[in-house]
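Here is a short briefing on one protein. Please look over the sequence and the model first, then read the points below.

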Amino acid sequence: MGPVIDDDARERILDWIEEALANGARLLTGGELDGELIRPTVIADAAPELKVSCEEVFGPVCTVNSVGSLDEAIERANGTRYGLQAGIFTSKLETALRAAHELEFGGITVNEAPTFRADQMPYGGVKDSGNTREGPAYAVRAMTEERLVVVDL
């Protein structure tokens with residue numbers, strides 16, 4: 001639990017939670033203020049078109065929806081216009097590798113939360129989550145001015 005960027009963001013997040021609940025989603029926990037902080041919130045059965053499902057909340061909110069198959073899970077995940085990171089939990093290597101191949105995200109984590117990040121790894125998104133990478137190798141490249149030198153001996 002922690003603060004969001006400003007009062008407007010807090011009100012927007014609370015509005016999105018209310019929109020989800022008004023449209024049939026179920027509140028599993030949170031969804032309320034603790035002082036000025038939004039309690040960590042988990043929402044189930046949120047339709048794909050709801051803002052909590054298809055926009056970046058940038059707050060302590062996650063949605064949980066059951067699906068009938070891996071195909072449906074991949075299709076639903078790829079159905080968003082964002083693509084920073086995705087995560088899959090499985091004990092089957094075949095399933096993990098298929099998801100890693102088919103998910104349209106800048107990074108895929110297996111049996112780890114998709115918020116995982118190590119400074120030495122390339123980190124960045126696809127689609128509306130960006131088109132660049134960051135990390136040491138990318139930082140060196142970004143801070144290096146390349147030039148061509150031709151010498152006739």
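The protein has five helices and nine strands. The model is a predicted one. Along the sequence, the elements run α-β-β-β-β-α-β-α-β-β-α-β-β-α.

**Overall build**
- The protein has 153 residues, and 27% of them count as buried.
- Take the contacts between residues at least 6 apart in sequence: 42% of these join residues at least 24 apart.
- The accessible surface is about 10400 Å². Carbon and sulfur atoms account for 52% of that surface.

**Salt bridges**
- The structure contains eight salt bridges. In general, side chains of opposite charge can pair when their charged atoms come close.
- Asp45 and Arg26 pair through their side chains, with 2.7 Å from N to O. Asp45 sits in the loop between strand 4 (41-44) and helix 2 (51-54), and Arg26 sits in strand 1 (residues 26-29), so this pair ties together parts 19 residues apart in sequence.
- Both partners are partly exposed: Asp45 has a relative accessible area of 37%, and Arg26 has 45%.
- Arg10 and Glu11 form a salt bridge at 3.8 Å, N to O. Arg10 is buried at 13% relative accessibility, whereas Glu11 is partly exposed at 39%.
- Asp34 and Arg39 form a salt bridge at 3.1 Å, N to O. Asp34 is partly exposed at 36% relative accessibility, and Arg39 is partly exposed at 33%.
- One network, built from salt bridges that share partners, joins Asp7, Arg10, Glu11 and Glu36.

**Thr90**
- Thr90 lies in the loop between strand 7 (85-88) and helix 4 (93-102).
- Thr90 has a relative accessible area of 18%, so it counts as buried, the limit being under 20%.
- A polar atom of the Thr90 side chain lies 3.0 Å from the backbone nitrogen of Lys92.
- Beyond its neighbours within four places in sequence, Thr90 contacts Thr95, Ala96, Val110 and Asn111.

**Cysteines**
- How many disulfides does the count give? The count is zero, with a disulfide taken as a pair of cysteine sulfur atoms within 2.5 Å.
- Cys54 is partly exposed, at 23% relative accessible area. Cys62 is also partly exposed, at 37%.

**Surface patch**
- Val149, Val151 and Leu153 make up a nonpolar patch on the surface. Together they have about 400 Å² of accessible area.
- Leu153 belongs to the segment after helix 5 (136-142). Leu153 is exposed, with a relative accessible area of 96%.

Notes
Residues are numbered from 1 along each chain as its sequence is written. This is a predicted model: local features need pLDDT of at least 70, side-chain atom pairs count only at pLDDT 80 or more; totals for chains, interfaces and linings use all residues. Side-chain values use heavy atoms; hydrogens and water are left out. Buried means under 20% relative accessible area, exposed over 50%, partly exposed in between (1.4 Å probe, protein chains only). Helices (H or I, at least four residues) and strands (E, at least two) are DSSP runs, numbered from the N terminus. A polar contact is a pair of N or O atoms within 3.5 Å; within protein, one must be able to donate a hydrogen and the other to accept it, and residues adjacent in sequence count only if both atoms are side-chain atoms. Contact means heavy atoms within 4.5 Å. Accessible areas come from the Shrake-Rupley method with a 1.4 Å probe; for residues, only the protein chains shown count as cover. Patches are made of residues with over 30% relative accessible area and no salt bridge: like charges are joined within 9 Å, nonpolar side chains (Val, Leu, Ile, Met, Phe, Trp, Tyr) within 5 Å. A salt bridge is a side-chain nitrogen of Lys or Arg within 4 Å of a carboxyl oxygen of Asp or Glu.
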